[in-house]
Amino acid sequence: MVSTCAGMLLSELSANWGLWERSWLDCILLSTGGMKRIGQGNVCMPVLIPDTLTVMSSAQSLSKVEGDILQLSCEVTRQTSQHTHLAVGWYLRSPDDPSAQPRDLVTLSRDFVLRPGSPYRQRLTSGDLRLDKTSTTTYRLTIYKLQPTDQGQFYCEASEWIQDPDRSWYAMTRKQSEKTSVKVQPTDRDFSIQVTTDRRAYTAGEPLELRCTIDAQNVAERYFSVSWVFSSSSVAVVGPSAVPVLGANYIEREAAGLLTVRKESPSVHLLKLQRLLPEDAGKYICRVTEREKTPTGEFIDRSKRSRNVQITVTPQSSNISVSLSSNSSEVMEGEHILLTCSVYSTLGPLSILWQWIDKDGSGPAVDVVAVDRDGTVQPGPTYRERHSYGEVHAERIRSDTFTLALHNAFPSDDGQYLCSATEWLQSGSTPDWTWQQIGEKAATKTITVKSVESSFFVSASSRTPSVTFGDSFDLQCIVKSRHNPSVPASVTWRFQAAEGDGEFRDVVTFTRDGTLQWGEQLLGLGTRTSVDRTRSNTNFRLSVTQAGRKEAGTYQCAAVLYRRNYDGTWKTIANRTSNLLGISVLQPVSKLRVHKSNQSLQFLEDSRVRVNCSIASQTNEESQHAVLWYARKGEAGEPDELLLKIERTGAFEYGVYAEEERLRSRVQSERLLPRLYGLTLHHAETSDSGIYYCLVEEWLMDPDGAWYRLARDSSGFTHVVVRQPGVKLQLEDVVSNMTVPESGSIRLNCNINSQSSKDSRFSVSWYVSHSENEEEDDQECIFSIGHDSVFGNGNCSPTGEPGRLQFERPALDAYSLTIQRARPGDAGRYYCRVEEWLLNTRNIWYRLANNNSGATVVNILEQVSTLQSVVCSNNSLFYFVFFYPFPIFGILLIAVLLVRYKSRNSNKNQEGKNGAPLLWIKEPHLSYSPTCLDPPALSLHPGSVE
């Protein structure tokens, strides 16, 4: 609704339009509520907006050629303070009719949308027409591929727009630039065509190629469609998009690959017919139509046709040849047979028949598989089941090459294979095609299928038939059969223990599907055995590490050959066992060496005897030793006596000899160092003398944890001599003479100058010889005392009267014997014999040495008997007669008789068992001088005897 104010304003503007022609009124509506749309009751205040829009484009005349590029620029500026939009467009005015409306090329609207004119919409879309704003005021028009219809006067027009408060737009002003005259020189639009071929006479089955060449300018930028015509019937039409449209009679031939229509280049089109038929003979024409689009969007067609090309097709007879080859003329059972049948000089499609004939050709031919000319495969009755499992496969590789593959060959596949090729030609026309057989040829190939059983054998070998404890050994099982997944083999290692029941037991089996199956016999406790095989499955290895006694024995490799049937089942076709392979596991070579130096040792009785046993070398650091100590006491040839055995565990075991000789308490063995052992004899005896040596046993642990004795070695001999102490017994050997009056005392001394031991005891005896010679038969023992201080227990038994003998030991090394009341028969040659006795370790006394003293020659002076001598010789009589008065004579006589009586009884008791006088302390006695004038003297002699 327009307000009254607005109406008044418009009336005033109409009346004064000349005044306002270069300005624009902006009506501002004022109200108490702010800006309002124009309505009744509102106040309108017009405002004048100056016109500042300028459009500039230099006027020029340009001459272009069809297909060139045209670029024109236009400067549009404005300086208004109001918010306005611009719309800029390019226009073309035709030079032939200046009064006609200009053509709208392209416009950039006020809302920045690019709008082409109707005739130029396609060219804007394809990019041949562009309007670019290169700066804030510059607008550039670009036309690619100028056409003759593009000539005329180009100018730029700009309009300035403002938005009303009711959000509607109004154009305030519109201005045009100066015009640019453009002339476009058209190119030549005429064209010519030509059909070419190699020759015009062909034989049926040969290919035909026809090329239609378009001779024109800018062919790539023009739109041509090409039609191939044969005898007034369309073969194919190829439009500007190069997509062929086939005639009804040629669709099947194109689908079968016997017809090709394509655009080789913008100016060359190809028609190719494979395997010409006699019906293909005739006239071929190429018709070309150019479609040109006018600026108004209309299309103008111009067509031309080529000259007729007469093609003649001569029917052809078959001249094919067939060759048959194979992957190998000799294959193994389970491998595949691949036959290739190649057909040469073909004209039409082929059908193939594969047949099998036995080698001598006596039997009938058996159909294996047939391949039709369209590639359909039809197996024969005998091979239908194998074909269903994919074991028989026929294929057409190329149009003239065919293959037959028989997988998992059987020995029954041995024989001749026949490839029969039949050539066909198609005659007639769609849909009444007929096939005619024009030739047939065949070729044969002999294939030998060797049974794997004939070449299947197994052998076992080892580089180390003998190993030592702890070493490793490998066993190789060689299976002489080429690996084929269809004919696999299972291989089993079997083992017969050297110390077993003599039966073979399975160790491990390589199954036909490649898995491992361990048997009941576990070598190396199941942890020291490993197995592997080569990728070709011809070498199966069994490895044993740290071999021991349990791995020693006989090994054998057994193989079973299987064949997979075409239905997936398995069949055993061969069994083979290898040669027996003996493996000896020996103990390691011993390096045990014991020092063998011989030596002699001397010891005194009761000393400590030490014999060492030193190990110079051993086989292993983990070796343990058992040591046996032997003593050789007897003559050569007699067995040595075992004293002591030290087990490897350190336990002691005494020998029988040690028990018998009571050595257990005195013998001692100890380990002084890791390789040094010692034997000690305490309180050595002379009976311990002999030859001592040690026997060392070396023990090692086998890989199974059991100890075994590896070697024994003995040491050198130690000759031990246990001797008694050195004899140092020496007596005083001075020869002396003694003259003793009759009835006098003979004192014989025996002095020991030196003795062998401080613990020595002596047995002393005195001998007398009354003759001049010194023979022992004339010697008489007069006194003896043993080392045990028992009289008469010495070296002899005294024969003299013991009452006249008096024995004394004034010192430890001095002895004396006094013969009282010497007689003429006592004269002679006297000496003493001393025996030195020692106590051995068994508390038994033994005689160490004896010696004789020097001789003492005793002479007795005989005297004539007188009263004085008789009286004086008897003390009792002397005192009785001369000193005591007669009144006491009787008392003295009684006393003398009592003393004499007791003395005799005492002497009889002391003679005891040995009949010799015992040792006692002599009672005081009186002695007097021969003159009987001296007073009697009382003397006490310790140890004296009477």
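Is R398 buried or exposed? R398 is exposed, with a relative accessible area of 51%. The model described here is predicted. The topic of this briefing is salt bridges, of which a search of the whole structure finds 36. Side chains of opposite charge can pair when their charged atoms come close.

**The pair D400 and R398**
- R398 forms a salt bridge with D400, and the closest N and O atoms of the two are 4.0 Å apart.
- D400 is partly exposed, at a relative accessible area of 24%, whereas R398 counts as exposed because its value of 51% is over the 50% cut-off.

**The pair D414 and K359**
- A salt bridge joins the side chains of D414 and K359, with an N to O distance of 3.3 Å.
- This pair links distant parts of the chain, as D414 and K359 are 55 residues apart.
- D414 sits in the loop between β32 (401-406) and β33 (415-427), while K359 sits in the loop between β28 (350-357) and β29 (366-371).
- D414 has a relative accessible area of 19%, and it is classed as buried because buried means under 20%.
- K359 is partly exposed, with a relative accessible area of 39%.

**The pair D640 and R632**
- The side chains of R632 and D640 also meet in a salt bridge, at 2.9 Å from N to O.
- R632 has a relative accessible area of 30% and is partly exposed.

**A network**
- Salt bridges also link E209, R211, R262, E264 and K272 in a network.

How values were computed. Residues numbered from 1 in each chain as written. Predicted model: local features only at pLDDT ≥ 70, side-chain atom pairs only at ≥ 80, totals over all residues. Heavy atoms only, no water. Helix = DSSP H or I, 4+ residues; strand = E, 2+ residues; numbered from the N terminus. Buried < 20%, exposed > 50% of the residue type's maximum accessible area, 1.4 Å probe, protein only.
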